[in-house]
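User: I'd like to learn how to read helices and salt bridges in a model like this one. Could you walk me through it?

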Amino acid sequence: MPFARLATVTTPTSHIGLGLAAVGRPGYINLGRDQDLGADRSVAALRERTHELLDAAYAQGVRYIDAARSYGRSEEFLADWLNARPDIDDVVVGSKWGYTYTADWSTHAERHEVKDHGLATYERQRAETGELLGDRLDLYQIHSVTPDSPALTDKELHARLAEAAAGGLTVGFSTSGPAQADAIRAALGVTVGGEPLFRTVQSTYNALETSAGPALAEAHDAGLTVIVKEGMANGRLAAPHAPDRLKEVAEETGLGCDAVALALILRQPWAGVVLSGAATPAQLASNLHAAVVDLDADQLTRLATLVEDPHAYWERRGRLPWH
């Protein structure tokens, strides 16, 4: 398991990773994107932005980097950064397959990505990822598995994934939608040759959407590394959009709403890595303060009142525009 390498890192931020969804492409659903990125979203500008974030993250102890085929040029930007720094050999690199980026570097595309969990898509995207990241890729995840995903039942796909695992690649999956818990439990039952196929799970979990928590605890108990995405609920938990109760607790801690929101996840005993989706070095620095936030029982009780019905949460997320 490549995540065993994180056990040797002693910095407080070793359990915080950097996700590249917000900087690998010009359009995304995060709130506040105009302020974060400004008008220049050329390939060159976002390449430079990504490298700046990666430099800052590495300098501050972050050792897990998360990309995806559908995050525009995120794999390309990450590969460029790694190739320019051959002495960096202690980062864990993860990517995902299953969505194809279709926006052609536009923020106004009719469709930004197309989902397909079929074997042909896996083989095509595995080759594309391999061409960019080569043997620097540690983890390859099925992107956004839902209970009805054919990736849960396709035995031929499972056999190909098991071959990749036998070759040293860690195989995982991510989830999305109001039935994340069902997808996680179904995936835990997938075996090849009597052995579990998946070694990691990446799911949405935050102060507003906690429904996957029990299933993630089960995955952790089964030996999977749990990666948490969308800890900021696509910007809904960051100032100025944060709920008043979160703002109150943040003021009490003397840190940002984002640090408190991520700290709430870090304290879960099953959380192996919590992703920062920062788009600026300042956001990243603020996110990383989560490692030192100490929440008392009263603050935790107040934050627990923020939880939404998962169907309402995902319905609202589905209405967020691509900026």
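This is a predicted model: local features need pLDDT of at least 70, side-chain atom pairs count only at pLDDT 80 or more; totals for chains, interfaces and linings use all residues.

**Reading a helix and its salt bridges**

User: How many residues does helix H2 have, and what span does it reach from first C-alpha to last?

Analyst: Compare the span with the one expected at 1.5 Å a residue. Helix H2 (residues 43-59) has 17 residues and reaches 24 Å, close to the expected 24 Å.

User: Which residues of H2 are buried, and what covers them?

Analyst: Buried means under 20% relative accessible area. In H2 the buried residues include Val43, Leu46, Leu53 and Ala57. Among the elements covering them are strand S1 (16-19), helix H3 (74-83) and H10.

User: And salt bridges: how many does a search of the whole structure find?

Analyst: The search finds 20. For each one, look at the N to O distance, then at where the partners sit. Arg47 pairs with Asp80, their closest N and O atoms being 2.3 Å apart. This pair links helix H2 to helix H3, across 33 residues. Arg47 is partly exposed at 23%, and Asp80 is partly exposed at 29%.

User: Where do the partners Asp55 and Arg85 lie?

Analyst: Their side chains meet at 3.1 Å, N to O. Asp55 lies in helix H2 and Arg85 in the loop between H3 and strand S3 (92-97), so the pair ties together parts 30 residues apart in sequence.

How values were computed. Residues are numbered from 1 along each chain as its sequence is written. Side-chain values use heavy atoms; hydrogens and water are left out. Helices (H or I, at least four residues) and strands (E, at least two) are DSSP runs, numbered from the N terminus. The expected span of a helix is 1.5 Å times one less than its number of residues. Buried means under 20% relative accessible area, exposed over 50%, partly exposed in between (1.4 Å probe, protein chains only). Contact means heavy atoms within 4.5 Å. A salt bridge is a side-chain nitrogen of Lys or Arg within 4 Å of a carboxyl oxygen of Asp or Glu.
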